[in-house]
Amino acid sequence: MAAALVLAFPQSVLAAETHELPGAAMSLWWALPFAGLLLSIATGPLLFPHVWEHHYGKIAATWAALAVLPLAVAFGIPTAGEAVLHTLLTEYLSFIILLFALYTISGGILLAGNIHGTPLVNAGLLLIGALLASVIGTTGASMILIRPMLRANDNRPFNAHVVIFFIFLVSNIGGSLTPLGDPPLFVGFLRGVDFFWTTANLWRETLFTGGLVLIVFLALDIVLHRREGGMPKIKDPTPDTKVRLRGLANLPLLAGVIGAILLSAGWKPGVSVPILGVSLELQNLLRDAVILALAFLSLRVSYKSHREANGFTWGPIAEVAKLFAGIFVCIVPVIAILRAGNDGALAPLVALVSSTEGRPNDLAYFWLTGALSSFLDNAPTYLVFFELAGGDAHHLMTETASTLAAISAGAVFMGANTYIGNAPNFMVFAIARHRGFKMPGFFGYMAWSGLVLIPTFLIAGFVFF
């Protein structure tokens, strides 16, 4: 252990007296637990699904321990404890409370009935879902609309492409306009990015990218629908019935979540509450308490039958909570190294996203953030490049707004490139396969994203960044 710590921290490991990690003196060995956890998340469900399903929490906790214990030995328990607790109390808790609330409240909203999945109907549902994703999150919109989309197309011989484009648009691209839409944007909000900043600065990129993907879908669906005309008819297992929106009592609760976030962004009383040595601002504590109360209220006012019809279970959100607890702990030393900039061990990465004059290369930020978001979770990827760009929200929203837009767009858009790029992707895939849709495998899906999304992102990158 001592030898490993000397390699990881070449200067005196016990010299730090301030309660701040000295990122400039830390080597890349400190990033190993973070890389190991992300690699486990990426490969576990595919390579050892049964072990992962039953032990993912233990795996995440093991990687977190491998990050925390060496920090405590190298820099002392006070420094390591403050760094980890600050991240968990000021960022992780707010992050997971919002996801829990959106997941819980949207789970009580049921779109009942069925309509026939024609190209125009499918395109309309995708458009509605993409717009809804920025209001109730990509997870909430995906869970509400995927089953109506499957029912509308379950009598078609060619239907897997509908689910694939659903993942593209509803589970990813559509969530780029507010911090509610996708986890990386809420991480940015917690770091100081204004609530409506993404709305004002990403609407052109979102409209262009989402509109182009939707046009490609409509053209493809028209061709396949016409081909189906000459094929034997398949009996519709879910005949068309009147469509009704159930669980309307949850709609004002969603509005309450938005109101609580806006209140915390605009109300700054200047009051802090110390908890375990970490100073927490009053407006943030109040926001999280209100959001949590609205989630529990949803459980009281929603019909159990609506949640059952939606296939609502606590499994997905429990998995997200455990894995992200590990991610937020393991990323602590990585953030310290990134804050050191050109003086840190990740200086080559800084050079890769900067011009020879030292200015940020927005196109490089867009593609590097997106490439990593395709295979790792897009929230920690966003956080890494947010810090790499300086980590100062005010500066990023003003002087380098195009860089923050590139990071945001790359993280949200390119989470659609693989099944593991964003949490709803694999959930939608599993639901569709369970309903009998012949979904492509991991690399088959990547072939679709390579043919549709990569050319779209190439065009968007050169147009906007």
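**Salt bridges and a helix pair in a predicted model**

Good morning. A search of the whole structure finds 5 salt bridges. Please bear in mind throughout that this is a predicted model. I shall discuss several of these bridges and then turn to a pair of helices.

I begin with Glu 91. Its partner in a salt bridge is Arg 191, and the closest N and O atoms are 2.4 Å apart. The pair links distant parts of the chain, 100 residues apart. Glu 91 belongs to helix H4, which covers residues 77–107, while Arg 191 sits in the loop between helix H7 (183–190) and helix H8 (197–228). Are these two residues buried or exposed? Glu 91 has a relative accessibility of 9%, and therefore counts as buried. Arg 191 has a relative accessible area of 19%; because the limit for buried is under 20%, Arg 191 is also classed as buried. A further residue takes part here: Glu 91, Arg 191 and Glu 387 are linked in a network of salt bridges.

The next bridge joins the side chains of Arg 156 and Asp 221, at 2.9 Å from N to O. Arg 156 lies in the loop between helix H5 (119–153) and helix H6 (160–169), and Asp 221 lies in helix H8, so this bridge ties together parts that are 65 residues apart in sequence. Both ends are buried: Arg 156 has a relative accessible area of 5%, and Asp 221 has a relative accessibility of 0%.

A further bridge brings us to the helix pair. The side chains of Arg 287 and Asp 288 meet in a salt bridge, at 3.1 Å from N to O, and both residues are buried. Arg 287 is also one of the residues of helix H10 that meet helix H9.

How do these two helices lie relative to one another? In general, two packed helices are described by the angle between their axes and the distance between the axes. The axes of H9 (residues 251–266) and H10 (residues 282–301) come within 9 Å and cross at roughly 175 degrees. Because angles over 145 degrees count as roughly antiparallel, H9 is described as roughly antiparallel to H10.

Which residues form the contact between H9 and H10? On the H9 side they include Leu 253, Val 257, Ala 260 and Ile 261. On the H10 side, among them are Leu 286, Val 290, Ile 291 and Leu 294, together with Gln 283 and Asn 284. By class, the contact has 11 nonpolar, 5 polar and 1 charged residues.

Thank you for your attention.

Conventions. Residues numbered from 1 in each chain as written. Predicted model: local features only at pLDDT ≥ 70, side-chain atom pairs only at ≥ 80, totals over all residues. Heavy atoms only, no water. Axes fitted to C-alpha atoms, helices over the stretch in contact; angles between N-to-C directions. Helix = DSSP H or I, 4+ residues; strand = E, 2+ residues; numbered from the N terminus. Parallel < 35°, antiparallel > 145°, perpendicular 65-115°, else oblique. Contact = heavy atoms within 4.5 Å. Nonpolar A, V, L, I, M, F, W, Y, C, P; charged D, E, K, R; others polar. Salt bridge = Lys/Arg side-chain N within 4 Å of Asp/Glu carboxyl O. Buried < 20%, exposed > 50% of the residue type's maximum accessible area, 1.4 Å probe, protein only.
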